[in-house]
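Reader: I should like to learn how to read ring contacts and helix geometry in a model. Could we proceed case by case?

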Amino acid sequence: MASDGARKQFWKRSNSKLPGSLLKSTAKMPTTPVKAKRVSTFQEFESNTSDAWDAGEDDDELLAMAAESLNSEVVMETANRVLRNHSQRQGRPTLQEGPGLQQKPRPEAEPPSPPSGDLRLVKSVSESHTSCPAEELRKLSWSGIPKPVRPMTWKLLSGYLPANVDRRPATLQRKQKEYFAFIEHYYDSRNDEVHQDTYRQIHIDIPRMSPEALILQPKVTEIFERILFIWAIRHPASGYVQGINDLVTPFFVVFICEYIEAEEVDTVDVSGVPAEVLRNIEADTYWCMSKLLDGIQDNYTFAQPGIQMKVKMLEELVSRIDEQVHRHLDQHEVRYLQFAFRWMNNLLMREVPLRCTIRLWDTYQSEPEGFSHFHLYVCAAFLVRWRKEILEEKDFQELLLFLQNLPTAHWDDEDISLLLAEAYRLKFAFADAPNHYKK
């Protein structure tokens, strides 16, 4: 029999971090760049397959700081505040942790406007002359970015521009000049035999994009064709894959809205925008889209292994958080690939309106690995959001039709904020405990 002293010593040694636990940050944020920690084998896989992508092209401070984990206390406070406010508007108690996430009806009230302090703070960060505020900018942006500063903030968060405002003009000029050098060098080859299939597919896919009012404008069509063709030529490991075309739209719309007044992002009209401004927006859109794709490159290589892996992870995650929904889908022979492939391939852009996608991307760009890792939890929360409707459907065809045409046309920022809060709660519970994916 072990002595009491031995037992105490045993428990004293057992001081490892609990899976899924939230550690309070006590260390001061370093002001010098630090190396990213390798968190998972999935990240290792991504880094080992970056053969044709320009990772580490710029040596900006923001890229080095992006590996730092988001302040968990700030995001948890934001998530809980969203849930609490939503519950109060509905006259219901705050949602408690449970085996599944219950459906929440859309609130009647208008979503609250961002506090005036947010605009002031984001402006002060985006106009900083130092390289320190990257972490502060991400914390402010997680809950949504005010429209007037969104273009600049996205450029900073994506790593396209340096944090130091004095370096931005030279960086912009250099990158825009570089992009148009690509146009001059490569674009005339679009009709060559080796590239004509790629260009033809791009030409076919662009009219299928949304919003229709934007895509049908000839100037926009030409810009998107150039962006996608140049990206495909410069990334031969994947080339052009259907789905990449959708990722151009949010960047282009956000950047064009800096120069025009549009009530709705779906009705943007570029006819009054000067040609030189459109040229610069085209280059900025290309580089920001490239930065995004650097982080999800294995989604579009041969056989799209990244998407296959993420859909499998989604299936395992849903089986843990809401076994009833998972079992219902399995009983009716609905496979996750049949509806979730598009969720991963298009980053939910075909499932929610463009205005919601833009709000979603505010948070994705604020989260470390937002488009690859956090997106998984958003998809899980998105699926379970419809658990009531899913469980009511008793037919394979009706189930699949519903999952491929979810009723989100009237969603707004409040719905997305609630979805993101649920996703963060799932990440908080499961991200540090990968074994929880498995039964």
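Author: In this predicted model, the charged end of Arg190 sits over the ring of Tyr199, 5.7 Å from its centre. Likewise, the charged end of Lys155 sits over the ring of Phe255, at 4.9 Å from its centre.

Reader: Which residues are linked by ring pairs into a cluster?

Author: Phe255 is a member of this cluster, together with Trp142, Trp154, Phe251, Trp361, Tyr364, Phe371, Phe374 and Tyr424.

Reader: How many aromatic pairs are there by this rule, and how is one described?

Author: A pair of aromatic rings is described by the distance of the centres and the angle of the planes. The count here comes to 25 aromatic pairs. Among them, Phe182 and Trp287 form a tilted pair, 6.1 Å centre to centre with 55 degrees between the planes. Phe182 belongs to helix H8 (residues 168-186) and Trp287 to helix H13 (residues 275-295), so the pair ties together parts that are 105 residues apart in sequence. Trp287 also pairs with Tyr286, edge-to-face, at 5.0 Å centre to centre and 80 degrees between the planes.

Reader: Are Phe182 and Trp287 buried or exposed?

Author: Both are buried, and Tyr286 is buried as well.

Reader: What span should helix H18 have?

Author: At 1.5 Å a residue, the 15 residues of H18 (residues 370-384) should span 21 Å; the end C-alpha atoms are 20 Å apart, which agrees.

Terms used: Residues are numbered from 1 along each chain as its sequence is written. This is a predicted model: local features need pLDDT of at least 70, side-chain atom pairs count only at pLDDT 80 or more; totals for chains, interfaces and linings use all residues. Side-chain values use heavy atoms; hydrogens and water are left out. Helices (H or I, at least four residues) and strands (E, at least two) are DSSP runs, numbered from the N terminus. The expected span of a helix is 1.5 Å times one less than its number of residues. Rings of Phe, Tyr and Trp (its six-membered ring) pair if their centres lie within 6.5 Å; planes under 30 degrees apart count as stacked, over 60 as edge-to-face and the rest as tilted. Buried means under 20% relative accessible area, exposed over 50%, partly exposed in between (1.4 Å probe, protein chains only). A charge sits over a ring if NZ of Lys or CZ of Arg is within 6 Å of the ring centre and within 35 degrees of the ring normal.
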